[in-house]
Amino acid sequence: MTASSAVGTIKVVIAGVNGRMGRASLQALDGRTDLAVVGAFGRQGAPYVGKDIGEISAFAAKDKTGILVSNGFLDSVTGAKPDVLLDFTLSEIAVENAKAALERGIRPVIGTSGISPQETDELAKIASQKKLGAMIVPNFSVGAVLMMEFSRQAAAMFEHAEIIEMHHPAKVDAPSGTAMHTVRKIAASGNQFNKPQVQEKELLKGARGGSGDAGVHVHSLRLPGLISHQEVIFGGDGELLSIKHDSFTVDCFLKGIVMALKAVMQQERLTVGLESILSLGAK
């Protein structure tokens, strides 16, 4: 399928449908005529496999949809002929799903964090060869994307920067994909951050956080009651600049999900980050 064929309703299969973001995606697509869920799958052998997607979420007010949760990627796409795979599984699974999708002419949109630069390069190569759009989206919130962009701009003006990211205890990876994406944006300034001024001595290992690209420190908190929160703090002589974003409900991700699903149909390569399509907008 080429970009020019993206006319009418875009058909979507959701991977990781029973997770927080999978259920949010069902909500985002509910009632739309330009986007439609045609398949879904989650963890193989899970209790929700075989159930109607209306039973596992608020999708269609829990009405029967006729779309059953499949056991895996192949089961979900057989007969459905989706245009896009929206993936919220674990990183190692998402990468394999994306490769399989691209081989079948399906465009992957990956909302899973923890994908390595090497895996990103591999997916980019396949997408370019197939001339198919693909996206890796560390965060679907427009506000979070702006937080990262503002941090990128500030990075040119400071020599000290630290990131505090906070998520719920069920999050597997640390730091988050958003934090790692922010680190890369800050490092792109060419500055080296947090050059040591004393010989630090950590009384608790890791107390100063992890050190990412260009010396940016990252601290990960995991506590009940949190969803997705990040603060980027820049320090200079006599001042601090704090750039913070808080997600209080999954509602903040819905617009970005719709934007990504529509934008990937117009692309013929891999892009990373929602910022690459912000100018396209979404209704």
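These notes go through a few local features of a predicted model.

1. Confidence. The average pLDDT of the chain is 91, and 93% of the residues reach at least 70. Residues 1-6 are below 50, although this stretch has twelve contacts in the model beyond near neighbours in sequence. Where pLDDT is low, the predicted coordinates should not be read in detail.

2. Histidine 217. This residue is in strand β9, which covers residues 217-222. Histidine 217 counts as buried because its relative accessibility is 11%, and the cut-off for buried is under 20%. A polar atom of its side chain lies 2.8 Å from the backbone oxygen of arginine 208. Leaving aside residues up to four places away in sequence, histidine 217 touches several residues, among them Ala161, Glu162, Arg208 and Asn194.

3. Asparagine 194. This contact of histidine 217 is found in the loop between α6 and β8 (210-211). Asparagine 194 has a phi near 60°, a positive value in a residue other than glycine. At 14% relative accessibility, asparagine 194 counts as buried.

4. Lysine 131. Here too phi is positive, near 55°. Lysine 131 sits in the loop between α4 (117-130) and β6 (134-136). Is lysine 131 buried or exposed? Its relative accessible area is 54%, so lysine 131 is exposed.

5. Proline 175. A cis peptide bond, with omega about -5°, joins alanine 174 to proline 175. Proline 175 lies in the loop between β7 (160-167) and α6 (177-187). Most peptide bonds are trans.

6. Surface patch. Leu90, Ile93 and Val172 form a nonpolar patch on the surface, together having about 280 Å² of accessible area. Leucine 90 is in the loop between β4 (84-87) and α3 (91-103), and at 42% relative accessibility leucine 90 counts as partly exposed.

Conventions
Residues numbered from 1 in each chain as written. Predicted model: local features only at pLDDT ≥ 70, side-chain atom pairs only at ≥ 80, totals over all residues. Heavy atoms only, no water. pLDDT = per-residue confidence, 0-100. Contact = heavy atoms within 4.5 Å. Helix = DSSP H or I, 4+ residues; strand = E, 2+ residues; numbered from the N terminus. Buried < 20%, exposed > 50% of the residue type's maximum accessible area, 1.4 Å probe, protein only. Polar contact = N/O pair within 3.5 Å; in protein donor to acceptor, adjacent residues only side chain to side chain. Patch = residues over 30% accessible without salt bridge, like charges linked within 9 Å, V, L, I, M, F, W, Y side chains within 5 Å. Areas by Shrake-Rupley, 256 points an atom, 1.4 Å probe, with all protein chains shown as cover. Salt bridge = Lys/Arg side-chain N within 4 Å of Asp/Glu carboxyl O.
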